Amino acid sequence: MPRRAPLPPPPPPVEIRSWPDREAMLADRAVVLGELVKMHVGPGRLGLLWMWAALAAIGWILVGTGIVMFEQAIDLVDFVSVIGGIVSLVIGAAVLIPAVAFLCLGVSRDRKVRTLLTAWGALARDPERDRRLRMPEMSLTWLLLSFGLGAVGLALCVIGPASARPGRDTYGLVALVVGVGMVAWLTALIGAVTALAHRRWVVRVLMGGGGGGGTGAGLGAGGGDGTVRPSATPESGPVRPPFVRTGGPGHR
């Protein structure tokens, strides 16, 4: 599994913000938001979601195959099918459990990313830099793929049990089809929620529908005139900005 980039920290509290001027704050904001948007709706995040969903579906197929083999072994008193069923169940569980765990971790990480997006976006308004953060094409891609996958998953969940015939289709086969459909439907739900959440963030934060402060006031120790002043203490001197660029994107 590729190592994920660490999440950036939230904006510093108002009382210790010490950007030298508004432009420095906007530059930091743009870098951090660019990284967060890629983590949220970038192609890499979409590919990772579908990869873990595919592994979960493969794991469930193996589990369902093991159940079907057990049912056949009971009917035919076939010990070879019993052994094959056990092997299929073990391999399926070894694939399914980590895939589901990483899907859940991804959902939890997405919630943290959305919280950071709101916090950093509310620092100020920057229409010029914010245009590239909207990513309408990527959001539409997430939404269309999610709708297609959700339709397939829902069809499997409904058509599988409805088309089963007593004496011909086993319970294990029905469980296999429904399980794959559920994996597809839940993955589609995660994707649709992600796309809609990104669009909501764009409208409410970047476009001002929900209001982050657009004046830049309160960024430093200055007064109400909107200027950004470095905070300092007599003992330690000026405090450095919260990011110091050291050679990689997202760091200052």
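1. Let us start with Trp 19: its relative accessibility is 0%, so Trp 19 counts as buried (buried means under 20% relative accessible area, exposed over 50%, and partly exposed in between, with a 1.4 Å probe and protein chains only). Please keep in mind that this is a predicted model, in which local features need pLDDT of at least 70 and side-chain atom pairs count only at pLDDT 80 or more, while totals for chains, interfaces and linings use all residues. Residues are numbered from 1 along each chain as its sequence is written, and side-chain values use heavy atoms, with hydrogens and water left out.

2. What does Trp 19 form with Trp 120? The two make an aromatic pair of the edge-to-face kind, 6.5 Å centre to centre and with 75 degrees between the planes. (Rings of Phe, Tyr and Trp, the last by its six-membered ring, pair if their centres lie within 6.5 Å; planes under 30 degrees apart count as stacked, over 60 as edge-to-face and the rest as tilted.) Trp 19 sits in the segment before H1 and Trp 120 in helix H3 (residues 79–121), so the pair links distant parts of the chain, 101 residues apart. Trp 120 is also buried, because its relative accessibility is 0%.

3. The structure holds two aromatic pairs. Trp 52 and Phe 102 form a stacked one, with 4.5 Å centre to centre and 15 degrees between the planes. Since Trp 52 belongs to helix H2 (residues 43–76) and Phe 102 to helix H3, this pair ties together parts that are 50 residues apart in sequence. Trp 52 counts as buried at 9% relative accessibility, whereas Phe 102 counts as partly exposed at 27%.

4. Now for the overall layout. The chain has six helices and two strands, running α-α-α-α-α-α-β-β from the N terminus on. (Helices, H or I with at least four residues, and strands, E with at least two, are DSSP runs numbered from the N terminus.) Of the 252 residues, 38% count as buried. Among contacts between residues at least 6 apart in sequence, 82% join residues at least 24 apart; contact means heavy atoms within 4.5 Å.

5. How do helix H4 (residues 127–134) and helix H6 (residues 171–206) cross? Their axes come within 11 Å, at roughly 170 degrees. (Axes are lines fitted to C-alpha atoms, for helices over the stretch in contact, and angles run from 0 to 180 degrees between N-to-C directions.) H4 and H6 are therefore roughly antiparallel to each other; angles under 35 degrees count as roughly parallel, over 145 as roughly antiparallel, 65 to 115 as roughly perpendicular and the rest as oblique. Asp 130, Leu 133 and Arg 134 of H4 make the contact with His 198, Trp 201, Val 202 and Leu 206 of H6.

6. Thr 194 is worth a look too: this residue is found in helix H6 and counts as buried at 2% relative accessibility. Beyond its neighbours within four places in sequence, Thr 194 is in contact with His 40, Val 41, Asp 110, Arg 114 and Trp 142.

7. Finally, a word on confidence. The mean pLDDT of the chain is 82, and 79% of its residues reach 70 or more (pLDDT is the predictor's confidence in each residue, from 0 to 100). Confidence is highest in helix H1 (residues 22–41), at a mean of 94, and lowest in strand S1 (residues 232–233), at 39. Over residues 210–252, pLDDT stays under 50.
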